[in-house]
Amino acid sequence: MFRPVLAALLLTATTSAFTADPIVIKFSHVVATDTPKGKAAEKFKQLAEKHTSGRVKVEVYPNSQLYKDREELEALQLGAVQMLAPSVSKFGPLGVREFEVFDLPYLFPDAETVDRVTDGEIGKSLFARLETRGIKGLAYWDNGFKQFSANRPLREPGDFRGLKMRIQSSKVLEAMVRQLGALPQVMAFSEVYSALQQRVVDGTENPVSNLYTQKMHEVQSHLTISDHGCLVYAVIVNRKFWEGLPAEIRAQLEKAMRETTVYEREIAKKENEDALAAVRASKKTAVYVLSDAERKRWREALLPVHAKFEQAVGRDNLQAIQRIAAAVEADKARKKK
């Protein structure tokens with residue numbers, strides 16, 4: 001009798017393993033599906049489900065379908081969603097001001113510097129600061145550099161005077177806009193198009209892929225390629241949810257995230273280049289590229305923002321990033337020889 005009973009138990013266990021409901025990860029973000037972040041979220045879904053053999057199901061909710069900017073972090077902490085990819089600017093209001101180092105104007109000269117910083121000790125130490133708030137950091141994605149748009153030409157720092165400029169909730173970005181003589185307006189990303197259309201705000205800052213996919217170029221007559229700041233995203237999960245997953249599932253999801261991060265960084269540059277070409281082709285927005293001399297004047301005009309926030313973002317972090325940027329520049333010079 002023992003053998004038939006054992007066989008029945010084994011069959012039941014095997015059947016339940018195959019019929020068990022998958023683990024659901026709700027992945028919410030605020031941008032369109034055809035942006036670098038939107039495409040990367042879909043890529044992660046595909047890889048996560050593949051690597052876990054269907055034991056995990058990822059549900060992606062783009063374009064603020066579930067939550068707006070100010071709501072999504074609270075939803076993650078409460079467990080209403082399991083995964084987000086917010087810009088790191090959103091961690092300042094959470095009390096982790098060091099993340100605002102990424103908002104400092106003209107600190108990061110190129111994408112390679114950004115990647116070395118986020119993949120190194122600074123990125124790891126910043127993620128560690130989130131854990132006491134119930135958040136686990138998995139990866140850093142980026143969307144290249146931000147450009148200013150408005151309904152009048154922006155060629156010199158003085159051209160901003162009196163403009164109402166939409167920004168994310170960041171003390172650094174607020175100070176940057178005020179330094180230019182403009183009025184900062186904190187607003188959820190999903191509300192920006194209508195605010196520009198109705199002239200509630202006069203302009204904004206975005207990577208071109210975000211500007212184009214949200215059709216902001218249709219309600220902005222001028223775009224300045226200023227490359228004044230980088231846009232970095234942090235892919236984060238609810239810490240309690242993550243630590244409650246089986247170890248092998250976590251390992252498979254980490255593998256999926258590593259592969260997705262490589263993919264996201266590869267497409268970000270091309271997506272922004274393609275978006276810029278599309279904006280130009282639309283003929284709805286005049287595109288102006290700052291000269292080296294103009295960019296130098298902008299950088300000098302905004303340098304006081306660095307001094308103002310040196311203590312908040314951490315002097316050590318600031319100096320380490322400057323050393324990394326110098327090392328990247330030196331590496332490029334050697335390769336040219």
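Which residues in H2 meet residues in H10? In this predicted model, the H2 side of the contact consists of Pro-36, Lys-37, Lys-39, Ala-40, Lys-43, Phe-44, Leu-47, Ala-48 and His-51. These residues meet Gln-252, Leu-253, Lys-255, Ala-256, Met-257, Glu-259, Thr-260, Tyr-263, Glu-264, Ile-267, Ala-268 and Glu-271 in H10. Sorted by class, the contact of H2 with H10 comprises eleven nonpolar, three polar and seven charged residues.

Two packed helices are described by the angle between their axes and the distance between the axes. Helix H2 covers residues 36-51 and helix H10 covers residues 247-282; the two pack at an angle of about 155°, and their axes are 8 Å apart. Angles over 145 degrees count as roughly antiparallel, and H2 and H10 are therefore roughly antiparallel to each other. The crossing in which H2 passes H10 is right-handed.

On the H4 side the contact is made by Val-117, Thr-118 and Asp-119, and on the H5 side by Ile-122, Gly-123 and Lys-124. The residues of this contact of H4 with H5 divide into two nonpolar, two polar and two charged.

Side chains of opposite charge can pair when their charged atoms come close. The structure holds 28 salt bridges. One of them joins Lys-332 to Asp-110, with the closest N and O atoms 2.6 Å apart. This pair links distant parts of the chain, 222 residues apart: Lys-332 is in helix H12 (residues 315-336), and Asp-110 is in the loop between strand S3 (83-84) and helix H4 (111-119). With a relative accessible area of 31%, Lys-332 is partly exposed. Asp-110, in contrast, counts as buried at 11% relative accessibility, because the limit for a buried residue is under 20%.

Arg-297 lies in helix H11 (residues 292-313), while Glu-156 lies in the loop between strand S4 (135-150) and strand S5 (164-167), so the pair ties together parts that are 141 residues apart in sequence. Arg-297 counts as partly exposed at 37% relative accessibility, and Glu-156 counts as partly exposed at 27%. Elsewhere, a network of salt bridges links Asp-69, Glu-72, Lys-90 and Arg-166.

Positive phi values in residues other than glycine were computed for Asp-227 and Lys-283. Phi of Asp-227 is near 50°. Asp-227 is found in strand S8 (residues 222-238) and counts as partly exposed, at 30% relative accessibility. For Lys-283, phi is about 60°. Lys-283 is found in the loop between H10 and strand S9 (286-289) and is exposed, with a relative accessible area of 74%.

Terms used. Residues numbered from 1 in each chain as written. Predicted model: local features only at pLDDT ≥ 70, side-chain atom pairs only at ≥ 80, totals over all residues. Heavy atoms only, no water. Axes fitted to C-alpha atoms, helices over the stretch in contact; angles between N-to-C directions. Helix = DSSP H or I, 4+ residues; strand = E, 2+ residues; numbered from the N terminus. Parallel < 35°, antiparallel > 145°, perpendicular 65-115°, else oblique. Left-handed = near helix turned anticlockwise from the far one by under 90°. Contact = heavy atoms within 4.5 Å. Nonpolar A, V, L, I, M, F, W, Y, C, P; charged D, E, K, R; others polar. Salt bridge = Lys/Arg side-chain N within 4 Å of Asp/Glu carboxyl O. Buried < 20%, exposed > 50% of the residue type's maximum accessible area, 1.4 Å probe, protein only.
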